[in-house]
Protein chains: 2
Amino acid sequence: MLKLDFELDFKKGNGLIPVIAQDYKTGEVLMLAYMNKQAFDETVKTHRATYYSRSRQTLWKKGETSGHVQNVREIRVDCDNDTVLLKVDQVGGAACHKGYKSCFFSKVQDNDLKIVESKIFDPKEVYK
Amino acid sequence: MLKLDFELDFKKGNGLIPVIAQDYKTGEVLMLAYMNKQAFDETVKTHRATYYSRSRQTLWKKGETSGHVQNVREIRVDCDNDTVLLKVDQVGGAACHKGYKSCFFSKVQDNDLKIVESKIFDPKEVYK
């Protein structure tokens, strides 16, 4: 394990902390995912975003299938040491597996969800 | 309960979903907190950010003590319907109870945390 001079609080989330990925240049919030200690260490060491997949229960190197890796320019930690904010360069321009730049492509309107962004890639072409 | 034409997935997080608050104008990520269904409904209805406090185990109307309420300009939902992004006007200019605009005022540098933002208010003056 990486030796750090600070500790993140992984206890509240049963070993996981939420991690926000934000576009380094535009400030757009791209996605939220989770990290365990190993994923965090890997991200600090490699400057490539590595998360923990809750569904697959394994480390998830973002972009290993799609090629859309996230190069980490800055890592921020919040006041309670229980949330991380990554400022990233999103290779390929899209963070969402559904083909959008941001996973937050829907907004609440008239008590329903309305898609307000455009797709950057076709998921069928990228995830063959 | 508010009748909505979509459902959020509160199951993965034992009744809670993570919610990112972002400055509507600048795009700065201010904080991450949690909502249960009631807090989400309240936020949709009132356009004021209402969270669920995990430590106090109760609804938490952001700003009820400090006056630093968050007026919600837009509510985004992610592709898995398990995370919310609020675009807000932060009254008072500071979201963090420690006096900073954003809770993410520390960055990882040389394997330690370094404060890289300035305080906007003195917590001792606000939380008497």
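## Salt bridges and the interface of chains A and B

B:Arg54 makes a salt bridge with A:Asp82, and the closest N and O atoms sit 3.5 Å apart. This pair runs between chains: B:Arg54 is in the loop between β3 (50-53) and β4 (58-61) of chain B, and A:Asp82 is in the loop between β5 (70-77) and β6 (84-90) of chain A. A salt bridge here is a side-chain nitrogen of Lys or Arg within 4 Å of a carboxyl oxygen of Asp or Glu. Helices (H or I, at least four residues) and strands (E, at least two) are DSSP runs, numbered from the N terminus.

A word on the model: it is predicted, so local features need pLDDT of at least 70 and side-chain atom pairs count only at pLDDT 80 or more, while totals for chains, interfaces and linings use all residues. Residues are numbered from 1 along each chain as its sequence is written, chains are lettered from A and ligands numbered from 1 in the order in which they are written, and side-chain values use heavy atoms, with hydrogens and water left out.

How exposed are the two partners? B:Arg54 counts as partly exposed at 30% relative accessibility, and A:Asp82 counts as buried at 7%. The cut-offs are under 20% relative accessible area for buried, over 50% for exposed, and partly exposed in between (1.4 Å probe, protein chains only). The pair also belongs to a network of salt bridges that links A:Asp9, A:Lys12, A:Asp82 and B:Arg54.

Over all chains, the count is 21 salt bridges. Here are some of them:

| Pair | N to O distance |
|---|---|
| B:Arg54 and A:Asp82 | 3.5 Å |
| A:Glu117 and B:Arg76 | 3.0 Å |
| B:Lys101 and B:Glu28 | 3.2 Å |
| B:Asp41 and B:Lys37 | 2.7 Å |

B:Lys101 and B:Glu28 meet through their side chains in a salt bridge. B:Lys101 is in the loop between β6 (84-90) and β7 and B:Glu28 in the loop between β1 (17-23) and β2 (29-35), so their pairing ties together parts that are 73 residues apart in sequence. B:Lys101 is partly exposed at 21% relative accessibility, and B:Glu28 is partly exposed at 25%. B:Asp41 and B:Lys37 are four residues apart in helix α1 (residues 37-46) of chain B, so about one helical turn separates them. B:Asp41 is buried at 4% relative accessibility, whereas B:Lys37 is partly exposed at 23%.

Now for the interface as a whole. 43 residues of chain B are in contact (heavy atoms within 4.5 Å) with 43 residues of chain A. About 3,400 Å² is buried between chain B and chain A, with carbon and sulfur atoms giving 61% of that area. Buried area is the accessible area (1.4 Å probe) that two parts lose on being put together, summed over both. The rule finds four salt bridges across the interface of chain B and chain A. On the side of chain B that touches chain A, β1, β2, α1, β5 (70-77), β6, β7 and β8 (112-115) each supply at least two residues. β5(B) gives the most, with four residues.

One residue of chain B shows contacts on both sides. B:Ser106 lies in strand β7 (residues 106-109) of chain B and is buried at 8% relative accessibility. Leaving aside neighbours within four places in sequence, B:Ser106 is in contact with A:Ile75, A:Arg76, A:Val77, B:Leu113, B:Lys114 and B:Ile115.
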